[in-house]
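The report that follows goes through a protein model in short sections. Please keep the sequence and the structure at hand while reading.

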Amino acid sequence: MQVYNVPYNFNHEEKVFGGYVSIRQAIYLIFGASMLGIFFIPLINTFVKILLFMILATMFIMFAFLKIDETNADKYFIYILNFFLRKRKFILEKGKENGNYNNFYIS
């Protein structure tokens, strides 16, 4: 029996469930559906339950299906969080502003 090398295709995710949904998408859809459990918490007002469900379910559906410039929305969201939570480096430099060297600024 002859063995052939099969090239891998990493351009897109493999659609496992019915040929339509990948594992990542299925997990986000399960999380979105599990948000229905919010309605069984008796201490929260009904309006707040509906608002919270709509926000979280919409977020999980967006994470499952939305792509921004060929980047999945969940990865894009993580990139945004990393940008805002990164360590910032401030350098104090002596600047020349209108011929005055006594001013300092942070760049």
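Leaving aside its neighbours within four places in sequence, with which residues is Asp74 in contact? Asp74 is in contact with Arg24, Tyr28 and Phe63, where contact means heavy atoms within 4.5 Å.

## Basis of the model

This is a predicted model, in which local features need pLDDT of at least 70 and side-chain atom pairs count only at pLDDT 80 or more, while totals for chains, interfaces and linings use all residues. Residues are numbered from 1 along each chain as its sequence is written, and side-chain values use heavy atoms, with hydrogens and water left out.

## Overall architecture

The protein has 3 helices and 4 strands, and from the N terminus on these elements follow the order α-α-β-β-α-β-β. Helices (H or I, at least four residues) and strands (E, at least two residues) are taken as DSSP runs and numbered from the N terminus.

Of the 107 residues of the protein, 18% count as buried, a term that means under 20% relative accessible area, with exposed meaning over 50% and partly exposed the range in between (1.4 Å probe, protein chains only). Among contacts between residues at least 6 apart in sequence, 25% join residues at least 24 apart.

## The pairing of H1 and H2

Two packed helices are described by the angle between their axes and the distance between the axes. Here the axes of H1 and H2 come within 8 Å and cross at roughly 175 degrees, which means that H1 is roughly antiparallel to H2. The axes are lines fitted to C-alpha atoms, for helices over the stretch in contact, and the angles run from 0 to 180 degrees between N-to-C directions; angles under 35 degrees count as roughly parallel, over 145 as roughly antiparallel, 65 to 115 as roughly perpendicular and the rest as oblique.

On the H1 side the contact is made by Arg24, Gln25, Tyr28, Leu29, Phe31 and Gly32, and on the H2 side by Phe53, Ala57, Phe60, Ile61, Phe63, Ala64 and Phe65. By class, the residues of this contact divide into 10 nonpolar, 2 polar and 1 charged, where Ala, Val, Leu, Ile, Met, Phe, Trp, Tyr, Cys and Pro count as nonpolar, Asp, Glu, Lys and Arg as charged, and the others, Gly among them, as polar.

## Met35, between the two helices in sequence

Met35 is placed in the loop between H1 and H2 and is buried, with a relative accessible area of 16%. Its C-alpha atom is separated by 6.5 Å from that of Ala57, although the two residues are 22 residues apart along the chain. Leaving aside neighbours within four places in sequence, Met35 is in contact with Phe53, Leu56, Ala57 and Phe60.

## The largest pocket

The largest pocket has a volume of about 210 Å³ and is lined by 16 residues, of which His12, Glu13, Arg24, Lys67 and Asn72 lie nearest its centre. The elements that give two or more residues to this lining are helix H1 (23-34), helix H2 (46-65) and strand E2 (71-72), and H2 gives the most, with 3 residues. The lining has 5 nonpolar, 5 polar and 6 charged residues.

On a 1 Å grid over the protein atoms alone, a pocket is an open set of points with protein on both sides within 12 Å along at least five of seven lines, and lining residues have an atom within 4 Å of a point. Grid points are joined across faces, edges and corners, and the volume is the space filled by probe spheres set on the points.

Asn72 is in strand E2 and counts as buried at 9% relative accessibility.

Asp74 is in helix H3 (residues 73-85) and counts as buried at 8% relative accessibility.

## The loop between E1 and E2

Most residues other than glycine have a negative phi. Asp69, found in the loop between strand E1 (67-68) and E2, has a positive phi of about 50 degrees although it is not a glycine, and Asp69 counts as exposed at 71% relative accessibility. Glu70, in the loop between E1 and E2, has a positive phi of about 65 degrees although it is not a glycine, and Glu70 is exposed, with a relative accessible area of 68%.

Notes: 1 Å grid on protein atoms, 1.4 Å probe; cavity = no way out; pocket = protein on both sides within 12 Å on 5 of 7 lines; lining within 4 Å.
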